[in-house]
Amino acid sequence: MKILITGPTSGTGKYLAGTFAKDHELILLGRNVSRMEELKKEVGGTRIYSYLADLSDMQQVVRVAADIASEHTDIQVFVSNAGILGNERPVVNAGGIESTFATNYLSHYLLQSQLAASILKNDGVIFNVCSQSYDWYSLDFDDLQSVNKYQPMKAYGRSKRMLLLLGRKTANAGIKTFNIDPGTFRSGISRSRGWAFRLMY
């Protein structure tokens with residue numbers, strides 16, 4: 001089975017990569033060259049294809065999505081795992097897109113749009129790593145990227161709600177889709193926050 005995992009160098013993504021490397025082909029999509037190389041050595045699989053892209057940069061996402069689509073027509077599992085919980089202030093890139101919204105939702109929308117035909121043809125499955133925090137904040141269509149009166153957790157929760165809605169869209173298109181919440185654990189996200197947040201986790 002060929003499995004694509006975004007954000008494979010820590011947390012859920014790293015666990016999945018290590019679990020599946022022995023028996024399956026992996027497509028790993030991350031942004032840090034050295035951490036991707038370390039991961040490949042650590043998991044020890046022989047059938048690993050790695051791609052580099054910063055998922056907050058839509059130009060990089062479009063490029064890597066096209067590369068993966070042209071080189072892999074047999075994807076059976078897509079795990080939308082990569083995610084960030086942003087800084088205390090919004091980070092907006094040159095294209096005018098806020099980084100949390102871009103990384104958690106928009107990048108996966110673009111990737112899945114490019115790869116949907118392959119996944120559907122192979123009777124594949126999409127797993128979106130969402131979060132119960134989606135239920136804490138309603139969407140504001142006048143501020144979909146949560147830039148106004150920015151709060152990191154609000155931006156995160158809304159981006160995960162958008163990812164959940166994307167899952168409904170792919171399910172309606174005939175692709176088996178599961179929106180999942182892996183629960184609370186010591187992930188890269190938790191380690192990036194202040195001491196109170198880390199203590200809670």
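In the predicted model, a polar atom of the T177 side chain lies 2.9 Å from the backbone oxygen of I175. Local features of this predicted model require pLDDT of at least 70 and side-chain atom pairs pLDDT 80 or more, whereas totals for chains, interfaces and linings use all residues. Residues are numbered from 1 along each chain as its sequence is written, and side-chain values use heavy atoms, with hydrogens and water left out.

The side chain of T177 is also joined to that of T170 by a polar contact of 2.8 Å (a pair of N or O atoms within 3.5 Å; within protein, one must be able to donate a hydrogen and the other to accept it, and residues adjacent in sequence count only if both atoms are side-chain atoms). T177 belongs to strand β6, residues 176–180 (strands are DSSP runs of E, at least two residues, and helices runs of H or I, at least four, numbered from the N terminus). T177 counts as buried because its relative accessibility is 17%, buried meaning under 20% relative accessible area with a 1.4 Å probe, protein chains only. Beyond neighbours within four places in sequence, T177 is in contact (heavy atoms within 4.5 Å) with I126, N128, G167, T170 and A171.

The largest nonpolar core comprises 30 residues, with I68 and L111 having the most contacts inside it; such a core is a set of buried Ala, Val, Leu, Ile, Met, Phe, Trp, Tyr and Cys residues joined through side-chain atoms within 4.5 Å. Two or more residues each are given to this core by β2 (25–30), α3 (58–71), α4 (99–121) and α5 (152–172). Of these, α4 gives the most, with seven residues. Not counting residues up to four places away in sequence, I68 touches L4, I27, Y51, I75 and L115. A second, separate core of 14 residues includes I3, I5, M36 and I48.

Note on methods. Buried < 20%, exposed > 50% of the residue type's maximum accessible area, 1.4 Å probe, protein only.
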